[in-house]
Amino acid sequence: MNSLDQVYIKQKEKLFSLYKNNLPQSIILSGGEIELLSDIAISFSELIVKNNIDHTFEDFLNICSNGYHKNSPFVYIITKIYLEDKKRFKSQIYRDDISNVHSFFQTKDEIDQKRVCIIKTIDDLSIEASNSLLKIIEEPNKNSHFIIINQNKAKVLQTIKSRSYFLNFSKLNEEIFFKNLNSDISINRDLFNLTNGSLSLSKNFINHELYEIQDHFRELLNDRKLIKSNTASHYSNFISKMFTKDEDISIFFDYIYLITSCEVKTMARQGKEKEVLNLLKISEIVKTYRNYFKSLNLDYTTLIVSLFYKIKNV
């Protein structure tokens, strides 16, 4: 077993107990480690659709640790769709994106087959999609089950939460975090502080080598006169090198937003009130441009040129 196999054991025990006793129609897995929760959700869905009464908790742990999940016709995963023509992911999961769930559950099988729909994540659902999901959950069917992944509890409709079994997954401790990041210890420490201990987010940052721009971007924040006419093109070139065409580039904006937020705290501790106010303005600018990228059909190179122009003139 690797070091992650023993993570969230109590939550896995609870899931197995639900499987053995009285499986709810809807289960919400809530926590910050989205990729870990996704793996657990897929593993648990495999257990559910196999529906073998002889399965033990060890069998479930083995499914979790296997790491290889076959596509099952009885498991339907809903996530944000990548728009090839616009070179970005949809900003939300819309009602049309979940329109097939009803027919998926209504498909008749010769045997008493269970089906599972995984939603990754409910945070991304539009209000119309959330209301459509609620209507399906309100139509109980002993062979239809939802496993819903959630990052921010505030983004779950209370009506959905009240009809679901809610299982909380706490933040990983430092020991687990450091054991599972294969990078330089100083980078690990920076990422732990930067992401508030989020392993999933840190791995994303490492996979795209975003730590390579950290020191330079901090220098630009603290001396905005260093922003030159070619600065934006350097960052655009970096992104094109580190991201494939179907990857979500919004994590670049997440990264520089977190760096800016950390600089705000540093300046606050040093009592530099004017610089804190300036950095707070920059933080809002970065957040706005991140939202622009996620919701509008804009080329990231154009956004980055505009972003650095705005930062320079704060």
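Is Thr 231 buried or exposed, judged by its relative accessibility? With a relative accessibility of 6%, Thr 231 counts as buried, where buried means under 20% relative accessible area, exposed means over 50% and partly exposed lies in between (1.4 Å probe, protein chains only). Thr 231 belongs to helix H11, which covers residues 231-242. Not counting residues up to four places away in sequence, Thr 231 touches Leu 220, Leu 226 and Phe 308, contact being defined as heavy atoms within 4.5 Å.

The model is predicted, with local features requiring pLDDT of at least 70 and side-chain atom pairs counting only at pLDDT 80 or more, while totals for chains, interfaces and linings use all residues. Residues are numbered from 1 along each chain as its sequence is written, and side-chain values use heavy atoms, with hydrogens and water left out.

The secondary structure of the chain consists of 14 helices and seven strands; these are DSSP runs numbered from the N terminus (helices H or I, at least four residues; strands E, at least two). A compact globule of 314 residues would have a radius of gyration near 20 Å, and the 22 Å of the chain agrees with this. The radius is taken over C-alpha atoms, and the globule rule is 2.2 Å times the number of residues to the power 0.38. Along its principal axes, the C-alpha trace spans about 70 × 40 × 35 Å. Of the 314 residues, 50% are buried. The accessible surface of the chain is about 16,500 Å², and carbon and sulfur atoms account for 49% of that area; areas come from the Shrake-Rupley method with a 1.4 Å probe, and for residues only the protein chains shown count as cover. Among contacts between residues at least 6 apart in sequence, 73% join residues at least 24 apart.

Two packed helices are described by the angle between their axes and the distance between the axes. For helix H8 (residues 185-195) and helix H12 (residues 250-269), the axes come within 9 Å and cross at roughly 85°. H8 is therefore roughly perpendicular to H12. Axes are lines fitted to C-alpha atoms, for helices over the stretch in contact, with angles from 0 to 180 degrees between N-to-C directions; angles under 35 degrees count as roughly parallel, over 145 as roughly antiparallel, 65 to 115 as roughly perpendicular and the rest as oblique. On the H8 side, Leu 191, Leu 194 and Thr 195 meet Tyr 255, Leu 258, Ile 259 and Cys 262 of H12. By class, this contact has six nonpolar residues, one polar residue and no charged residues (nonpolar: Ala, Val, Leu, Ile, Met, Phe, Trp, Tyr, Cys and Pro; charged: Asp, Glu, Lys and Arg; polar: the others, Gly among them).

Tyr 255 is also among the residues touched by Ile 213, together with Tyr 235, Phe 238, Phe 252 and Ile 256, residues up to four places away in sequence not being counted. Ile 213 lies in the loop between H9 and helix H10 (214-222) and is buried at 7% relative accessibility. The C-alpha atoms of Ile 213 and Lys 241 are 13 Å apart, with a sequence separation of 28 residues.

In helix H5, the buried residues include Ala 129, Ser 130, Ser 132, Leu 133, Leu 134, Ile 136 and Ile 137. Their cover includes strand S1 (26-30), helix H4 (101-106), S5, S6 and H6. The loop between strand S5 (115-120) and helix H5 (127-137) holds Asp 124, which touches Lys 80, Gln 92 and Ile 93 when residues up to four places away in sequence are not counted. Lys 155 is placed in the loop between strand S6 (144-150) and helix H6 (158-161). Its C-alpha atom is 8.6 Å from that of Asp 124, 31 residues away along the chain. Lys 155 is partly exposed, with a relative accessible area of 48%, and is in contact with Ile 122 and Asp 123, neighbours within four places in sequence being left aside.

Most residues other than glycine have a negative phi, and most peptide bonds are trans. The peptide bond from Lys 120 to Thr 121 is cis, with omega near 0°, and Thr 121 is found in the loop between S5 and H5. Asn 51 has a positive phi of about 50°; this residue lies in the loop between helix H2 (34-50) and helix H3 (57-66) and is partly exposed at 37% relative accessible area. Asn 196 has a positive phi of about 60°. Asn 196 lies in the loop between H8 and helix H9 (199-207) and is exposed, with a relative accessible area of 52%.
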